[in-house]
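The following paragraphs lead the reader through one protein model, beginning with a single contact and ending with the whole chain. Please keep the sequence and the structure in view while reading.

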Amino acid sequence: MKQLQKWFDLIAGISEEEQRKLAIAHAIFGQRGPDLSGLNRPACWRRSSHVRLNRR
């Protein structure tokens, strides 16, 4: 199957250099980014309370 794909790429004009560049791009940009699910809540709900009342 890989040989058939290689022949198709040769016929279609896709060079090995282009395939190498595509593989590098997938390696760089295919990784998952940071987990942003915590940003679904408003910032005021995510922050811990920094204000302490010192009533005597």
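The side chains of aspartate 35 and serine 37 are joined by a polar contact of 3.0 Å; such a contact is a pair of N or O atoms within 3.5 Å, where within protein one must be able to donate a hydrogen and the other to accept it, and residues adjacent in sequence count only if both atoms are side-chain atoms. Aspartate 35 belongs to the loop between helix 2 and helix 3. With a relative accessibility of 67%, aspartate 35 counts as exposed (buried means under 20% relative accessible area, exposed over 50%, and partly exposed in between, with a 1.4 Å probe and protein chains only).

This is a predicted model, in which local features need pLDDT of at least 70 and side-chain atom pairs count only at pLDDT 80 or more, while totals for chains, interfaces and linings use all residues. Residues are numbered from 1 along each chain as its sequence is written, and side-chain values use heavy atoms, with hydrogens and water left out.

Helix 2 (residues 16-29) holds both glutamate 17 and arginine 20, which lie 3 residues apart, about one turn of the helix. Their side chains meet in a salt bridge, at 2.6 Å from N to O; the term denotes a side-chain nitrogen of Lys or Arg within 4 Å of a carboxyl oxygen of Asp or Glu. The count by this rule is 1 salt bridge. Glutamate 17 is partly exposed at 37% relative accessible area, and arginine 20 is likewise partly exposed at 44%.

Leucine 4 lies in helix 1 (residues 2-12). Together with Met1, Trp7 and Leu10, Leu4 forms a nonpolar patch on the surface, with about 540 Å² of accessible area. Patches consist of residues with over 30% relative accessible area and no salt bridge, like charges being joined within 9 Å and nonpolar side chains (Val, Leu, Ile, Met, Phe, Trp, Tyr) within 5 Å. Accessible areas come from the Shrake-Rupley method with a 1.4 Å probe; for residues, only the protein chains shown count as cover.

Overall, the protein has 3 helices and 0 strands (DSSP runs of H or I, at least four residues, and of E, at least two, numbered from the N terminus). Of its 56 residues, 2% are buried. The mean pLDDT, the predictor's confidence in each residue from 0 to 100, is 81 for the protein.
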